[in-house]
Amino acid sequence: MNDAPPRDFIRQIIFEDLESGKHDEIVTRFPPEPNGYLHVGHVMSICLNFGVGQENHGRTFLRFDDTNPGKEKEEYVRAIERDVHWLGFDWEDRLTHASDYFGQIYDAAEKLIELGVAYVDSLSADEIREHRGTLTKPGMNSPYRDRPVDENLDLLRRMRAGEFEDGEHVLRAKIDMASPNMNLRDPALYRIRHIEHQRTGNKWCIYPMYDFAHTLSDAFEGITHSLCTLEFEDHRPLYDWFLDQLEPPHRPRQIEFSRLNLAYTITSKRKLNMLIDGDVVSGWNDPRMPTIAGMRRRGYPAAAMRDFVKRGGVTKKDKLIEMGVLENCVREQLGESAERRMAVLRPLKVVLTNYPEDQVEMVQAINHPNNPELGTRDMPFSREVLIERDDFLEEAPRKFFRLKPGGEVRLRFGYIIKCEEVIKNDAGDIVELRCSYDPDTRSGTGTSDKKVKGTIHWVSAAHAVPASVRLYDRLFTVPDPNSVDDFMSVLNPESLETVTAMLEPALQQLAGGEAVQFERLGYFCADSEEHTADALVINRIVTLRDSWAKIEAAAMRLEGKPPNAVVRK
RNA sequence: UGGGGCGUAGCCAAGUGGUAAGGCAUCGGGUUUUGAUCCCGUGUACCGCAGGUUCGAAUCCUGCCGCCCCAGCCA
């Protein structure tokens with residue numbers, strides 16, 4: 001990985017602000033609303049905000065935007081804290097909540113009234129909507145717009161005191177009902193909500209709206225650069241309006257960037273919830289979910305996530321990034337760190353007819369081909385071994401380097417074997433292979449210079465340990481499920497396949513969450529929730545790159561056959 | 001059809017008037033007891049289109065086209 005600091009447009013602005021002396025210290029914040037789990041999109045915001053803080057020796061706040069009680073839960077705040085930590089960032093003592101500032105925000109509301117730029121409106125929600133106009137038609141002033149300051153103050157205080165029902169009144173900024181920017185058509189500042197807040201309990205029955213609370217929270221914390229996504233671009237004039245009216249000691253600047261969309265996934269909370277409610281996935285941390293919790297459970301390393309986001313860059317252009325980029329980051333991380341092991345996902349029995357019945361010998365396997373320091377381990381080798389079903393083909397194309405009738409192949413770290421006989425059941429399915437082995441070809445002995453094209457993985461039948469292995473694939477069949485009317489109609493029915501695999505004995509010791517490479521198959525990790533020493537449960541993180549699959553698919557295309565006819569999964 | 005953004009190769013992305021970096025993907029080739037890794041090589045990008053300014057434009061001007069966001073007492 002390269003460590004050169006990125007120079008996107010936001011970092012350029014920050015650099016200039018430091019150079020010019022506009023700021024001595026950079027202060028940023030990551031401000032999630034605790035109403036759901038964090039997802040890939042948030043990873044970008046987290047890395048940007050905390051990254052910019054770190055790079056400039058500044059400070060970054062983790063602030064919960066908890067201004068809408070009823071939709072927010074403690075469960076989510078704990079999950080968010082865990083996710084941000086897991087990604088490798090530390091807010092130290094800067095964990096805050098918009099609700100920490102409810103008192104100050106309220107004071108600011110009274111000040112706006114005194115300034116004559118806010119008023120209590122007694123129109124109903126429907127009437128307010130009707131008065132707002134449309135994108136092309138200007139709105140109309142509320143009949144309550146010119147209430148005197150004293151009356152506004154009195155009404156707001158009584159709203160706060162709980163004298164009114166939900167929806168009876170609302171505090172609004174007095175800006176311009178004819179503004180082409182809808183956000184400036186007298187936006188609501190405070191609404192009445194007789195509902196208990198997860199942190200402030202029943203102390204308040206009026207709660208500030210996002211724009212008001214967010215701007216002020218930024219100002220109170222001395223945020224210098226308030227980084228958010230593009231959809232808030234239209235809110236910036238309002239953000240600045242608050243600052244102009246209230247003139248707080250610190251004046252933050254809002255800068256917007258485009259959000260990161262991952263192909264073949266969705267991130268809308270509503271839709272993610274539908275997947276859970278519809279039992280398409282097992283929960284927020286299902287390994288197929290694009291949530292941080294899901295990706296963590298899937299086995300994606302935090303470093304890979306950070307690298308992924310870094311490769312995407314920070315711009316204002318809408319992006320839909322290919323899965324391959326993420327997968328490549330994951331492979332790159334794991335390729336270096338994960339130890340290698342052997343496992344057979346779909347076993348086919350192979351009997352070595354000339355190998356002594358009761359003999360078991362230990363062969364030495366390397367834990368990492370590019371890093372000898374990771375050492376070796378011994379694997380039992382015996383007369384009956386299990387190989388991958390699709391490493392044998394009865395009628396193999398010429399470029400098939402694996403086992404075929406009469407053909408030879410090397411059992412990795414073991415011997416070269418030759419297929420002598422194919423055993424089938426009555427239905428014609430291949431159930432067993434009879435092979436001979438060449439005693440002179442044991443790995444590492446150098447007693448034979450025989451060379452074969454292919455090397456396959458295997459496991460000793462008598463010593464193998466069974467495990468439930470989940471093979472994950474993308475959740476959707478189209479790159480942009482969001483652009484489809486009914487996203488549930490493009491679900492990938494094969495996003496999860498569970499097989500009973502046979503693992504080499506050393507895998508018995510795999511710890512929950514630990515990742516290894518199953519040679520020739522991919523990276524796998526023990527499930528952090530369901531895996532135990534007695535019942536192994538393993539997730540496939542990502543497959544290895546598979547150029548054979550490509551050759552095969554290309555051949556299929558040439559012959560005009562459907563691409564999935566023989567492709568293995 | 002009001003306002004705000006965005007448009008550089010399949011996907012990202014540098015570039016800020018001097019003649020188009022890089023990554024991923026693709027396609028070749030080499031090494032390899034993982035068809036992995038690693039290493040080499042591989043793209044006619046009419047810089048959305050059309051005009052204009054200039055000795056010179058992806059960069060400046062004008063017009064057009066396409067895509068995204070905004071009419072919550074959500075964030």
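Is E357 buried or exposed? E357 is exposed, with a relative accessible area of 60%. Here buried means under 20% relative accessible area, exposed over 50%, and partly exposed in between (1.4 Å probe, protein chains only).

This is a predicted model, in which local features need pLDDT of at least 70, side-chain atom pairs count only at pLDDT 80 or more, and totals for chains, interfaces and linings use all residues. Residues are numbered from 1 along each chain as its sequence is written, chains are lettered from A and ligands numbered from 1 in the order in which they are written, and side-chain values use heavy atoms, with hydrogens and water left out.

**View 1. Protein surface near RNA strand B.** RNA strand B is surrounded by 61 residues. A residue is near the strand if one of its heavy atoms lies within 4 Å of it. The closest are R193, T315, R340, S443 and S547. The surface has 24 charged, 19 nonpolar and 18 polar residues. Asp, Glu, Lys and Arg count as charged; Ala, Val, Leu, Ile, Met, Phe, Trp, Tyr, Cys and Pro as nonpolar; the others, Gly among them, as polar. Helix α5 (125-132) gives the most, with four residues. Helices (H or I, at least four residues) and strands (E, at least two) are DSSP runs, numbered from the N terminus.

**View 2. Side chains meeting RNA strand B.** Of the RNA atoms within 4 Å of the protein, 68% belong to sugar or phosphate and the rest to bases. An N or O atom in the side chain of K319 is 2.7 Å from a phosphate oxygen.

**View 3. Salt bridge between R297 and D527.** A salt bridge is a side-chain nitrogen of Lys or Arg within 4 Å of a carboxyl oxygen of Asp or Glu. Here the N to O distance is 2.9 Å. The pair links helix α10 (residues 292-298) to the loop between β26 (522-526) and β27 (537-543), 230 residues apart. R297 is buried at 7%, and D527 is buried at 0%.

**View 4. Salt bridge between E357 and R383.** The closest N and O atoms are 3.8 Å apart. E357 lies in the loop between β14 (347-352) and β15 (360-366), and R383 in the loop between β16 (376-382) and β17 (384-388), so the pair ties together parts 26 residues apart in sequence. R383 counts as buried, at 19% relative accessibility.

How values were computed: A polar contact is a pair of N or O atoms within 3.5 Å; within protein, one must be able to donate a hydrogen and the other to accept it, and residues adjacent in sequence count only if both atoms are side-chain atoms.
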